[in-house]
Amino acid sequence: MDERAPSNPSAGGDAAALQKAYPGLSAELAQALARAEGSRKQGLFPVARQQLEVLLKQHPNLPVLRREQILLHLAAEEYERAEPLLLAEAQRVPGDRWVWMTLGLVRYHSGNRPGETEALMRALALKAEETPARRLFELQRDEGDMRGALDTVVLLRRIRDTDELAVAHCKLLVRVDRPAEALALCEQLMQRTPVLAGAVEQWTSLQMAQFNGPEQVLATMGAFLAQGREEPPFLIAYSRACHRMERNADAIEALQKALARESGRQQWWYDLAVLQRQMGQIAESQASFEQVMALDPLDPTTLRVHGVEHKYAYGDTALRHINQALASMEAYAKERQVELHYAAAKAYEDVGELDAAFDHYRIGGAKQTALTPYRHAAASGLLRTLRIGMRPETYASFQEPGDPSRKPVFVLGMPRSGTTLAEQIIASHPQAVGAGELKLLHRVLDGISVNGNRIQTSGDAGVIPTYIPGVDLNCATLRFRERGERYVRAISVLAEAAGRGDAQRVVDKMPGNYFWTGMIPFVLPGARIIHTRRHPMDCCLSNYRIFFPDGMPWSYDLRNLGKCYRAYHEHMQHWESNMPPGMLMSVVYEEVVADFEASARRIIDHIGLPWDDACLRFYETERPVKTASLSQVRQPIYNSSVGRWRKYEKYLKPLLAEIGPIVESYEAELQRLSQARQAAPGAATS
């Protein structure tokens with residue numbers, strides 16, 4: 001029998017014990033029943049069955065015989081035969097806990113989880129015990145019955161409270177939408193010494209989701225730390241809040257203190273490595289990734305992210321780890337398999353095995369596309385809707401002006417088109433600050449009406465919006481000027497947080513803001529927009545070779561990538577000729593590389609700032625960079641990315657089939673620009 005099987009009150013092991021358990025049982029019957037019981041316990045099930053059948057014919061309604069019959073079926077694993085007998089017993093004696101416990105056991109073995117739940121609930125109603133209650137909790141949790149699981153955890157805590165149950169109690173209160181109670185319980189548990197890590201984590205997650213939550217986390221954790229309670233859970237929560245508020249140096253320091261106390265925490269090392277990379281501390285970041293891999297050398301996420309800054313070579317330990325992980329590919333969840341394919345692709349590219357590399361890009365991309373399909377019709381339909389009827393006169397005749405501030409600068413375009421470089425040039429100016437890829441504009445525009453169509457822009461629940469302390473970004477019911485004012489206030493807060501409250505320009509370089517290009521003049525008519533462009537094949541190749549944790553579902557399949565690029569190209573061609581005069585400027589990446597100073601001067605002039613030579617030394621500007629281009633913007637301009645696609649052309653035929661005419665047009669434009677540059681006064685001659 002299962003070790004969780006309830007004991008039978010009739011099972012004494014001999015005739016005397018049976019007579020004691022069941023007064024009135026004759027000595028002769030007790031001896032016969034003891035023999036049947038002994039046969040069962042020895043595993044002689046046919047013998048026991050024959051002995052029991054004789055007794056049942058003589059005494060068909062004797063409860064002790066029915067119990068022995070049930071136990072025989074259990075021992076012989078005949079659960080389908082035991083259940084009807086138990087149901088009959090439950091009707092006869094509904095207050096007998098043994099019957100309900102045994103019925104729960106039978107249903108457990110039969111795989112009848114709802115039936116097992118019902119039986120355990122009946123048993124616990126008669127007597128609360130820890131083992132069946134824990135099993136009931138597991139069933140309710142796994143079946144998604146969070147309210148039932150909450151009731152059971154409360155019961156378990158009354159029986160015997162543990163740290164594990166206390167934290168589970170907090171989490172279940174959140175799951176049943178009782179956050180205030182969860183916060184109160186977490187705050188109670190956070191006073192314990194040593195602190196419950198799970199309670200701190202749950203409290204922090206709840207607070208971080210609230211308006212001005214990160215400040216509350218900083219204040220509360222700061223108070224604990226000031227009391228000398230530098231326990232890792234408090235340090236980690238403090239680090240999380242600092243990171244959310246762009247105080248990355250403080251976040252790194254808190255993480256390092258936590259790791260000094262608990263050095264075996266893989267996730268903390270990983271978080272430290274990512275923060276260090278964003279701060280430009282590449283060597284330190286790689287060293288932290290090495291710590292992660294010392295704890296788990298085959299983790300696909302770590303292998304992928306570490307590999308971005310690692311140059312692989314044959315015989316390399318890191319390459320060996322990738323090959324070992326590939327040998328166990330099916331052991332990983334699909335999401336992790338995708339990351340492993342991208343890690344392997346980068347490694348094989350580094351050692352010159354391009355066929356193998358592009359096999360991994362293709363297979364990894366196909367797996368990711370299955371997980372997050374690209375809905376091209378929906379995306380292209382939205383872009384068309386945003387363009388309907390939009391002409392320069394549309395803006396000229398608009399009767400509800402937005403916020404006229406000239407502070408906002410939008411750098412937008414396809415990802416990997418040079419947006420980070422353009423932002424870094426501007427951010428190097430003493431009167432400007434780069435705010436990075438802000439998940440902000442779409443929130444300000446949410447609910448805006450375009451030609452009678454109300455546009456919902458903030459429906460992606462998986463996107464964590466940029467945190468702006470003290471600024472309410474629920475703008476769906478606001479008028480145009482109020483939306484613009486809310487945006488300007490938000491970027492001003494970010495500039496102040498970066499110690500640049502005096503900045504005259506703040507750059508939002510979210511590439512995907514190209515969707516909303518035509519909406520910007522309505523709410524921010526004084527803003528300036530820089531549209532970065534790059535050779536379509538180089539741009540698409542760069543997207544294809546990167547795993548984007550935040551989505552980009554169009555980037556994992558060459559044909560989808562081509563469709564997306566065509567839709568983007570059509571969209572931006574429209575705005576190039578239909579925006580208010582002087583608002584939008586295009587910057588061609590290849591021209592920036594060919595004549596950097598002239599391009600940088602054009603950018604600074606467009607946003608209305610006087611020239612400053614610091615913009616030529618953009619790679620010296622120290623600030624957090626969170627994009628895939630974080631390494632490139634920390635070194636002087638180079639041309640190795642221009643025309644890179646030619647090296648991979650044979651792998652890119654499906655892409656070229658989608659955007660061939662756009663490629664031809666772009667290359668002709670590059671030729672004209674080159675000729676014009678060479679013909680300009682003062683141009684170098686051969």
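**From the whole chain to one segment**

Tutor: The chain carries 81 positive and 83 negative side chains, with the centres of the two sets 2 Å apart; Lys and Arg count as positive, Asp and Glu as negative, and His and the chain ends are not counted. Each charge is placed at NZ of Lys, CZ of Arg, CG of Asp or CD of Glu. This is a predicted model, in which local features need a pLDDT of at least 70, side-chain atom pairs count only at 80 or more, and totals for chains, interfaces and linings use all residues. Residues are numbered from 1 along each chain as its sequence is written, and side-chain values use heavy atoms, with hydrogens and water left out.

The pLDDT (the predictor's confidence in each residue, from 0 to 100) averages 92 over the chain, and 94% of the residues score at least 70. Over residues 1-5 it falls below 50, and this stretch has 12 contacts in the model beyond near neighbours in sequence; a contact means heavy atoms within 4.5 Å. Where pLDDT is low, the predicted coordinates should not be read in detail.

The chain has 32 helices and seven strands, which are DSSP runs numbered from the N terminus (helices H or I, at least four residues; strands E, at least two). With a radius of gyration of 34 Å, well over the 26 Å that the globule rule gives for 686 residues, the chain is more spread out than a compact globule. That radius is taken over C-alpha atoms, and the rule is 2.2 Å times the number of residues to the power 0.38. The C-alpha trace spans about 120 × 55 × 55 Å along its principal axes.

R416 is not a glycine, yet its phi is positive, at about 70°. At 14% relative accessible area, R416 is buried; buried means under 20%, exposed over 50% and partly exposed in between, with a 1.4 Å probe and protein chains only. T419 lies in helix α24, which covers residues 419-427. T419 is also buried, at 3% relative accessibility. Leaving aside residues up to four places away in sequence, T419 touches V411, L412, G413, M414, K509, P511 and T532.

E77 lies in the loop between α4 (63-75) and α5 (79-92).
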